[in-house]
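Visitor: Hi, I'm new to this one and would like a quick tour. Can we just chat our way through it?

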Amino acid sequence: MWRRLCSALRSLRGSSAAPSHGGGGRRRPPVAMERAVVRCVPSEPKLSLRFVLPDGSARHMQRDQAEPLGRALARIATNAAKGHGKAGKKNKKARAGGGAECEAAVPAVRLFSRDGAAVAEEVPNAAAWQDGAMLHIGDARYRVERNPPALTELRLPRSLLAGFPVCPKVNAEFAAPQHCLFRWFREQRPAGRRDAAGEAWVETAAAERVFTPSNALVGLRLKLRCTPGDGDQRYGPAREVESSGPVEAGPGACTFDARHLYTKKVCGHGSVRAVSYNILADTYAQTEFSHTVLYPYCAPYALEIDYRQNLLKKELAGYNADLICLQEVDKSVFVDSLAPALDAFGLEGLFRIKEKQHEGLATFYRRDKFSLLSQHDIAFSEALLSEPLHKELCEQLAKYPLVQEKVLQRSSVLQVSVLQSTTDPSRKLCVANTHLYWHPKGGNIRLIQIAVAMSHIKHIACDLYPSIPVIFCGDFNTTPSSGTYSFISSGGIAEDHEDWISNGEEERCSMSLSHPFKLLSACGEPAYTNYVGGFHGCLDYIFIDRNALEVEQVIPLPSHEEITSHRALPSVSHPSDHIALICDLKWK
């Protein structure tokens, strides 16, 4: 490729080197087009350039975006000459008779725009390296690909169950998972014949992002080949990933199978299907206390997060919900499992972690129905101390130092998202999600927490977005007979309510509270939403603004026989100790 005058090297290559175009000689055959991949992001000071020299050596350069093109081209020429010089040294021993040393000439390096015009050397790199431009390095030709689609992560779940969706984690740059191409392969059975290339993989009929293996694939591993795309007919290099283990048999019938019969389709644009669900954090399920005291009836493998995630993803996907509010979501579960899986089903996820725990809250919304306008998440203890709208409550709480200390020690959070309809911009929703303090004697703590929550929601739904309807989901750790439930549904609580002394007279905390909303428990007051060996009761709710929203249907909870078929929850057929609440709502 380089212009060399070394006769010894020419003799090694043979006498077929093409003559110059002058003198009537034959033109050399066209050179195969190579790729020069440029990554240029406005927020970063440098761009990167990757290409492979004709001698096979790869080059990766970092250049300032504001640098004149000429300097970058000069550096490319120097690198090319060095690479070619090294190749010449390797061939030195093969030269007969110790002929004259070969000196590598610096090749001419030019950049041409898509229309064939040479790009001026004073043009900044960021503007010079455009998609479709042509880089010439000597006689070699490179087509510039600026910010082509590229996979940065491709991963399959560790546990695969027949009949349960396999949702890969796909992270890409300059691409989107919904525009990528997916090809699934199954392992050949040991007695099977390998294909012509000696491979032990057979492509399945599925070409979708999510693949549900059948019972016929039990005992076989899976492989996924993903080609990143950007939706504009540009595709990057494909990557493959194989499952770490084989597909295993599923558990059979699950508690949510019958519920899916009511949720086969997504609601129309005039309706909203909402789900609230405490999914049982792995950080709590895997303790010795959980195995021996809380859930001794549950098979240990059914408490493993990999197993439970199979059930959770199938359950949540089958609800075809527009809004999903989850509690006790491990950060790793959100990032590596739920967010990628629900993204594949059209849902965008938001996460708020508790500062002192490894779990928190997650809110998902359907992308083709809603867009996110704003987020207003808070930690109760921090907001109580720092936000002016809680000043009066904070001053009242200061009169009760024991209760104040307990309130400020809690890491409970409130997740608030303001959503706007994609089809009717006048329709907005304030979606709140929380998980209140858990202790049975903590009624007074929960009252303070919910008072902070309602004041915060009031600021959003009355001040920032006047008259916006509220949907308030969560695990409130409170039964319908409690002060917290009464406060939410009635709009006020008296200072002499018994919950103010829920932990005895020494922790009495008496104050009168109120809020302006007219909230209704959309799913009523079920006999229980939490069912474990030592307790069952209704702790979870979906509260709605009764002035703006009404209930179309409530999806029935699993039957008592289904819940107790393995004594209690969780079980091999149910992934949590709570039960999801699901309802269809519509604007009035």
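This is a predicted model: local features need pLDDT of at least 70, side-chain atom pairs count only at pLDDT 80 or more; totals for chains, interfaces and linings use all residues.

Visitor: Okay, and what share of the residues counts as buried?

Guide: Of the 588 residues of the protein, 50% count as buried.

Visitor: How many helices and strands are there?

Guide: The secondary structure comes to 15 helices and 31 strands. As for contacts in the protein with a separation of 6 or more, residues 24 or more positions apart account for 70% of them.

Visitor: Show me a sheet, then. In what order do the strands of the open sheet with β17 run?

Guide: That sheet has 6 strands, in the order β17-β18-β16-β15-β31-β30, and the pairing is mixed. At the edges stand β17 and β30 (549-554), each with a single partner strand, so one side of each is left without a neighbour in the sheet. From one strand to the next, the twist averages 25°.

Visitor: Which helix packs on that sheet?

Guide: Helix α9, residues 331-344, packs there and touches β16, β17 and β18 (359-366). The direction of α9 makes about 155° with that of β16.

Visitor: And β15 with β16: parallel or antiparallel?

Guide: Parallel, over 5 bridges, with β15 covering residues 271-278 and β16 covering residues 323-330. In that pairing, Tyr-277 stands opposite Leu-326 in β16.

Visitor: Let's zoom in on one residue. Where does Arg-352 lie?

Guide: Arg-352 lies in strand β17, which spans residues 347-353.

Visitor: Is Arg-352 buried or exposed, and why?

Guide: Arg-352 counts as buried because its relative accessible area is 16%, and buried means under 20%.

Visitor: So which residues is Arg-352 in contact with, leaving aside neighbours within four places in sequence?

Guide: Those contacts are Gly-360, Leu-361, Asp-377, Ile-378, Ala-379, Val-413 and Gln-415.

Visitor: Changing topic: what volume does the largest pocket have?

Guide: About 1,200 Å³. The lining of that pocket is made by 45 residues, and Trp-438, His-439, Pro-440, Asn-477 and Leu-539 lie nearest its centre.

Visitor: Which element gives the most to that pocket's lining?

Guide: That would be α6, with 4 residues.

Visitor: What about enclosed space? How many cavities of 30 Å³ or more does a search of the whole structure find?

Guide: The search finds 1 cavity of that kind. About 50 Å³ of space lies in the largest cavity, and its lining includes His-269, Lys-369, Arg-427 and Trp-587.

Visitor: One last stop: which strands does β1 pair with?

Guide: Strand β1 (residues 34-39) pairs in the parallel sense with β6 (residues 140-146), over 5 bridges. There, Arg-35 stands opposite Arg-143 in β6. Strand β1 is also joined by 3 bridges to β2 (residues 46-52), and that pair runs antiparallel.

Visitor: And how many residues does the hairpin from β1 to β2 go through?

Guide: The hairpin joins β1 to β2 through 6 residues. To find the pairing by eye, look for Val-37, which stands opposite Arg-50 in β2.

Notes. Residues are numbered from 1 along each chain as its sequence is written. Side-chain values use heavy atoms; hydrogens and water are left out. Helices (H or I, at least four residues) and strands (E, at least two) are DSSP runs, numbered from the N terminus. Buried means under 20% relative accessible area, exposed over 50%, partly exposed in between (1.4 Å probe, protein chains only). Contact means heavy atoms within 4.5 Å. Two strands pair if DSSP finds at least two bridges between them. Axes are lines fitted to C-alpha atoms, for helices over the stretch in contact, and angles run from 0 to 180 degrees between N-to-C directions. On a 1 Å grid over the protein atoms alone, a cavity is a set of points where a 1.4 Å probe fits but cannot get out, and a pocket is an open set with protein on both sides within 12 Å along at least five of seven lines; lining residues have an atom within 4 Å of a point. Grid points are joined across faces, edges and corners, and a volume is the space filled by probe spheres set on the points.
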